[in-house]
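Please have the view open while I talk.

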Amino acid sequence: MGTAIFVNSWFVESKLSSMSSTPIQPTQPNSVFDLTLEDWIGWTEYHGQPKFRAKQIVQWLYEKRVGSFDEMTNLSQDLRAKLAAAFDFTLMPHVRITGSNDTTRKFLFRLFDGRLIETVRIPANANFHGDRSDRITLCVSSQVGCAYDCKFCASGLAGFTRNLSVGEIVGQVLAVERESGEPIRNIVFMGMGEPLANLTNLTKALEILNADWGVNIGARHMTVSTSGLAPQIEKLAKIPKQIRLAISLHGATDEVREKIMPVNKRYNLNRLFEAVHTWLDHKKQMITFEYILIEGVNADVEQAAILAKRVQSLHAKVNLIPYNTVEGLPWKRPDVATQEAFRDVLTKAGVSATLRTEKGHDIDAACGQLRLQEETAEGTIERSTPNVKRSISNSR
Ligand code: SAH
């Protein structure tokens with residue numbers, strides 16, 4: 001790993017075409033987990049192999065979960081050598097795991113360039129949709145850092161570094177499954193980063209995660225959460241998969257939302273709701289609005305009433321999330337009475353709303369917190385304070 005890997009022209013071309021919108025570090029090895037079945041067919045055909053070789057490769061990768069090309073015993077030595085020369089097999093190593101198998105576990109992974117990302121595994125009784133099924137939910141990161149600068153969030157505190165590759169997104173799921181020995185059936189893209197700002201890689205990763213030849217997670221069990229990139233929501237709407245969408249709303253008027261989410265200046269609430277309508281036209285499913293309750297900012301009953309009006313006629317539900325404090329940021333969660341009053345306005349208006357009250361519900365936690373601690377301690381990044389110009393010591 002880390003050495004310049006031989007790549008054939010087919011792969012270079014396909015990678016170059018995705019680089020225009022999704023920068024990949026030049027030294028990043030090509031991972032076996034970057035490719036869809038169609039990509040594998042392209043690769044095997046380029047090497048004069050029949051199509052079914054591609055099927056065999058993905059079977060070894062995702063059904064049998066082998067850890068090396070040597071184990072792909074129905075492929076010729078020659079083909080295995082070509083694969084080994086072109087692709088890297090390693091999953092990201094974990095740096096730290098906190099929590100136990102039956103509580104929320106946070107995985108901190110180190111990427112090829114030394115950067116860190118967090119993946120959070122949430123056990124059965126705390127899944128995103130709030131039902132007490134036996135499903136485990138994985139909160140996955142999509143970028144290193146985040147460029148959207150939401151004022152309450154830890155992920156953007158050190159600015160944006162880069163998009164995750166397809167293999168780094170898929171790899172989080174595979175690495176956690178390997179470590180915990182249990183399949184993941186639910187994924188939420190609520191870790192570090194803005195998934196829709198990494199749309200090309202996200203879409204490919206969704207395909208690999210969803211495909212029956214791949215990780216085989218139902219599309220309805222994958223939720224993409226966005227700060228509200230309207231055009232990208234519309235693009236994703238057109239992908240014929242019943243994936244779910246969660247919108248981080250956090251304000252019912254432009255005035256309030258703009259204060260804590262600068263993205264609202266680019267796509268205001270009217271524009272965002274236009275995209276939501278497009279989504280609902282294409283998906284015929286319920287959409288989720290996340291709404292963090294922050295004391296003195298967005299948690300008053302006036303905001304609740306406006307929010308109710310906005311979402312009333314939509315096939316939508318609202319997840320109210322008491323703010324998780326982030327070290328160094330001034331925001332606080334309101335008291336329980338204020339939280340409940342907010343919820344009651346919504347429910348009385350006929351809006352489906354849930355208020356998360358349990359402790360340790362880390363699905364709501366900003367996944368960037370653990371990474372921030374570690375990277376700051378290692379001196380990889382300098383932590384900046386809000387409204388102070390971002391500084392990254394080893395930015396490239
Ligand atoms: N960029 C995407 C996904 C990552 S954040 C998005 O904005 O949706 C996942 C969710 O956690 C978002 O709703 C985000 O607003 C929320 N979040 C961030 N920091 C939080 C905090 N300190 N407490 C509670 N929720 C937080």
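Predicted model: local features only at pLDDT ≥ 70, side-chain atom pairs only at ≥ 80, totals over all residues.

**Helix 11 and its surroundings**

In helix 11, the residues that count as buried are Gln-303, Ala-304, Leu-307, Ala-308, Arg-310 and Val-311, where buried means that 20 or more other C-beta atoms lie within 10 Å of the residue's own, exposed means 12 or fewer, and partly exposed is in between, with C-beta atoms placed from the backbone. Looking down the axis of helix 11, we find these buried residues within an arc of 165°, so they line one face of the helix; the arc is that of the directions from the helix axis to the C-beta atoms.

Residues are numbered from 1 along each chain as its sequence is written. Helices (H or I, at least four residues) and strands (E, at least two) are DSSP runs, numbered from the N terminus.

What, then, covers the buried residues of helix 11? The cover includes helix 8 (254-260), helix 10 (269-283), strand 10 (287-293), strand 11 (316-322) and helix 12 (336-348), with contact taken as C-beta atoms, placed from the backbone, within 7 Å.

Turning to helix 12, its axis and that of helix 11 are 9 Å apart, and the two helices pack at an angle of about 25°; axes here are lines fitted to C-alpha atoms, for helices over the stretch in contact, and angles run from 0 to 180 degrees between N-to-C directions. Helix 11 and helix 12 are therefore roughly parallel to each other, a term for angles under 35 degrees. From helix 11, Val-301, Ala-304, Ala-305, Leu-307 and Ala-308 meet Ala-341, Phe-342, Val-345 and Leu-346 of helix 12. Glu-340 also has its place in helix 12, but Glu-340 is partly exposed, with 14 other C-beta atoms within 10 Å.

Finally, helix 7 (residues 230-237) has Ala-230, Gln-232, Ile-233 and Leu-236 as its buried residues. These cover an arc of only 160° around the axis, which puts them on the same side of helix 7. Their cover includes helix 6 (199-210), strand 8 (222-226), strand 9 (244-248) and helix 10.

Technical notes. Contact = placed C-beta atoms within 7 Å. Parallel < 35°, antiparallel > 145°, perpendicular 65-115°, else oblique.
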